[in-house]
Amino acid sequence: MDARTVLEIFGWVGSILVVLSLMLPNQIKFRFWNFVGSFIATTYNILLGIWPFAMMNGAIVLIDLYWLYRLKKEAKDSRATIEALTDEALAGSVPTTGTPHDTAQ
């Protein structure tokens with residue numbers, strides 16, 4: 001297989017990943033695979049000197065990175081909120097003084 005064929009396969013892999021990513025219902029998986037495919041497509045277009053598509057795919061790479069960062073941060077914040085609410089609820093349900101037997105006397 002010559003270098004040109006390998007390069008063409010590389011380009012097709014990037015394009016296929018972008019298309020397949022559009023079918024994923026999970027936002028994080030969509031952004032991740034869209035990022036990978038767009039990064040491959042950006043590299044492919046730069047190697048061939050196709051600058052309009054290199055710029056477009058490069059912009060998609062940056063957008064996907066932004067959203068991956070934001071989604072990860074939001075998930076972390078949500079987990080912290082849930083943990084805080086759970087801790088607060090548990091703390092409110094446990095008596096702070098005495099035992100249940102102390103009140104029965």
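Colleague: Is serine 21 buried or exposed?

Modeller: This is a predicted model, in which local features need pLDDT of at least 70, side-chain atom pairs count only at pLDDT 80 or more, and totals for chains, interfaces and linings use all residues. Residues are numbered from 1 along each chain as its sequence is written, and side-chain values use heavy atoms, with hydrogens and water left out. Buried means under 20% relative accessible area, exposed over 50%, and partly exposed in between, with a 1.4 Å probe and protein chains only. Because its relative accessible area is 0%, serine 21 is buried.

Colleague: Which residues does serine 21 touch, not counting those up to four places away in sequence?

Modeller: Serine 21 belongs to helix 1, residues 3-21, where helices are DSSP runs of H or I with at least four residues, numbered from the N terminus. With contact taken as heavy atoms within 4.5 Å, and with that sequence exclusion applied, the residues touched by serine 21 are Phe30, Trp33 and Asn34.

Colleague: How do the rings of phenylalanine 32 and tryptophan 33 pair?

Modeller: A search of the whole structure gives 3 aromatic pairs. Rings of Phe, Tyr and Trp (its six-membered ring) pair if their centres lie within 6.5 Å, and planes under 30 degrees apart count as stacked, over 60 as edge-to-face and the rest as tilted. Since the centres of phenylalanine 32 and tryptophan 33 are 4.9 Å apart and their planes are at 80 degrees, the pair is edge-to-face.

Colleague: What is the relative accessibility of tryptophan 33?

Modeller: Tryptophan 33 counts as partly exposed, because its relative accessibility is 38%.

Terms used:
Helix = DSSP H or I, 4+ residues; strand = E, 2+ residues; numbered from the N terminus.
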